[in-house]
Amino acid sequence: LGVALDQVGQFEEAMVHYREGLRRTPEDHTLHTNLGAALARMGRLEEAVAHHTEALRLKPDYETAHINLGNVLIQMGQLDEAAAHFAQATHIRPELGGAYYNLGNVLAEQGIFEDAAAQYRRALEFHPDVAEISVRLGNIAMHQGHRAEAIAHYRRALGLRPDLVEAREALHQLQQGQAVSR
């Protein structure tokens, strides 16, 4: 019931059910992760970290907890720690394209563009239909001065999602000879 309530945005009610479940089965790593995710959505980041950390103590190879903890750590500005959790998730389940994408976002935020691009390319292998990945690759190509490559990435993104404003604006700026600020 907690998951169902969580999915419709009733986080407080979901947390009641998660906490009740944890009273009965305190060693349930999925309940800790679900409660952590609900707490994060409510902005209660320290509590979310505690529950995701407990889930990982109970099951160190639980990739969902690594991804969720990474997302919370990003919100807290702890990018190195977030990157470590996303990388761990990709080691546990190499087919998790979202973890590569998140890791790419962290690396790009840190200015480590070559590594970020490598993570985005890996994410693209698993999610070739996600236009935002091509936008991120376009942003990096533009930052590195690879105009033609950037245009190709933005066009690919728009081919997947013609309504993607970020790609449309970046492509327009490139075609007008302006620098893209991303």
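The following questions and answers walk through a predicted model of one protein chain.

User: How many helices and how many strands does the protein chain have?
Analyst: Read along the sequence, the protein chain follows the pattern α-α-α-α-α-α-α-α-α-α-α, and its C-alpha atoms fill a box of roughly 60 × 30 × 25 Å, taken along the principal axes. The count for the protein chain is 11 helices and zero strands.

User: What share of the residues of the protein chain counts as buried?
Analyst: The accessible surface of the protein chain comes to about 9300 Å², and 52% of that surface belongs to carbon and sulfur atoms. A residue counts as buried when its relative accessible area is under 20%. Of the 182 residues of the protein chain, the share that counts as buried is 43%.

User: How is the pair of Y100 and F126 classed, stacked or edge-to-face?
Analyst: The count of aromatic pairs in this model comes to two, and one of them is formed by Y100 and F126, with 6.0 Å from centre to centre and 5 degrees between the planes. Planes under 30 degrees apart meet the cut-off for this class, so the pair of Y100 and F126 is stacked.

User: How many residues apart in sequence are the parts that the pair of Y100 and F126 ties together?
Analyst: Y100 lies in helix α7, which covers residues 97–109, whereas F126 lies in helix α8, which covers residues 113–126. Y100 counts as buried at 7% relative accessibility, while F126 counts as partly exposed at 30%.

User: Why does the pair of Y101 and Y120 count as tilted, and what is the angle between the planes?
Analyst: Y101 lies in helix α7 and Y120 in helix α8, so this pair ties together parts that are 19 residues apart in sequence, and both Y101 and Y120 are buried. The ring centres of Y101 and Y120 are 5.7 Å apart. Planes under 30 degrees apart would count as stacked and those over 60 as edge-to-face, so the pair is tilted, with its planes at 50 degrees.

User: Which residues does E63 touch, not counting residues up to four places away in sequence?
Analyst: E63 is found in helix α5, which spans residues 63–75. At 13% relative accessibility, E63 falls under the 20% cut-off and so counts as buried. Leaving out residues up to four places away in sequence, E63 touches A89, I92, R93 and L96.

User: How far apart do the centres of the positive and negative side chains lie?
Analyst: The protein chain has 17 positive and 24 negative side chains. The centres of these two sets lie apart by 5 Å.

Methods: Residues are numbered from 1 along each chain as its sequence is written. This is a predicted model: local features need pLDDT of at least 70, side-chain atom pairs count only at pLDDT 80 or more; totals for chains, interfaces and linings use all residues. Side-chain values use heavy atoms; hydrogens and water are left out. Rings of Phe, Tyr and Trp (its six-membered ring) pair if their centres lie within 6.5 Å; planes under 30 degrees apart count as stacked, over 60 as edge-to-face and the rest as tilted. Helices (H or I, at least four residues) and strands (E, at least two) are DSSP runs, numbered from the N terminus. Buried means under 20% relative accessible area, exposed over 50%, partly exposed in between (1.4 Å probe, protein chains only). Contact means heavy atoms within 4.5 Å. Accessible areas come from the Shrake-Rupley method with a 1.4 Å probe; for residues, only the protein chains shown count as cover. Lys and Arg count as positive and Asp and Glu as negative; His and the chain ends are not counted. The place of a charge is taken as NZ of Lys, CZ of Arg, CG of Asp or CD of Glu.
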